[in-house]
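Subject: Structure handover

Hello,

Here is the structure for your files. My notes on what was found follow below it.

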Amino acid sequence: MKDMKMVLMLVFGIVAAIYVALIPFLPFPGSFVVKAIPIWCLALLAWQYVPGTTGKLLAVGFLLSSAGDIALNFEQEMAFMVGLGFFLLAHVVYTITFSLKMEWRPTRIPFFLLIVGFGIGMAILLAPHLGKMAVPVYAYLTVITVMVVFSGLRANVSPLLMLGGVIFMSSDAMIAVGKFLTPFPGARIGVMITYYLAQFLIVWAFLAHTVPQLAKKSAV
């Protein structure tokens, strides 16, 4: 079982690196499959090695993310909307997952204020450029902000979960800037590196810290 865990993490790392390296050659046949394979590996890791409801919900969140990946692989406006919808659902699932076991820590209030402030700042920055996309983008921005805040409320888990949430939000901010404000060099590579890292940190936070406790306590 430990060998399978290592295999999944190894496949995640190798295929993610391959996809990032091939970004200059997009689109290529089967690129959406290569893009999604690393996230499928994380879904299997969560399903198999994070016990209880937590692991199952994380796996669902990763699968929804991979569906978003596949949709965003296409350039059409409708594909962007579909991808945005899948990722919004993924963040809802992540938020529910984090809320299953929460702990209020006053020391994290500055973190929460910073995340909310960043979300509001992005909304203000993007507002003049969104047009008919305003409602879906604001909805998505609200949901991902809540997800990152809840990553700081989850009890008995590594602080890496918070870091994963922050990096995820940063990755999406790069997408928003590139799409609605101005394209910038290396945007796709930066987005995918931060995206893969964020997703890995989310599952690793649970694998590294909550698996022993969940196994003993059968907690959610």
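A helix crossing is called left-handed if the near helix is turned anticlockwise from the far one by less than a right angle. By that criterion, in this predicted model, helix H4 and helix H6 cross in a left-handed way.

On the H4 side, the residues in contact are Met81, Leu84, Phe87, Leu88, His91, Val92, Tyr94, Thr95, Phe98 and Ser99. They meet Pro136, Val137, Ala139, Tyr140, Val143, Ile144, Val146, Met147, Phe150 and Ser151 of H6. Sorted by class, this contact has 16 nonpolar residues, four polar ones and no charged ones.

As for the whole protein, there are nine helices and zero strands. The radius of gyration is 17 Å, close to the 17 Å that the globule rule gives for 220 residues, so the protein is as compact as a globular protein of that length. Along the principal axes, the C-alpha atoms fill a box of roughly 50 × 45 × 25 Å.

On confidence: the mean pLDDT of the protein is 90, with 94% of the residues at 70 or more. Among the elements, H6 has the highest mean pLDDT (96), and helix H9 (residues 211–217) the lowest (44). The pLDDT is below 50 over residues 210–220, a stretch with 20 contacts in the model beyond near neighbours in sequence. Where pLDDT is low, the predicted coordinates should not be read in detail.

Regards

Key:
Residues are numbered from 1 along each chain as its sequence is written. This is a predicted model: local features need pLDDT of at least 70, side-chain atom pairs count only at pLDDT 80 or more; totals for chains, interfaces and linings use all residues. Side-chain values use heavy atoms; hydrogens and water are left out. Helices (H or I, at least four residues) and strands (E, at least two) are DSSP runs, numbered from the N terminus. Contact means heavy atoms within 4.5 Å. Ala, Val, Leu, Ile, Met, Phe, Trp, Tyr, Cys and Pro count as nonpolar, Asp, Glu, Lys and Arg as charged, and the others, Gly among them, as polar. pLDDT is the predictor's confidence in each residue, from 0 to 100. The radius of gyration is taken over C-alpha atoms; the globule rule is 2.2 Å times the number of residues to the power 0.38.
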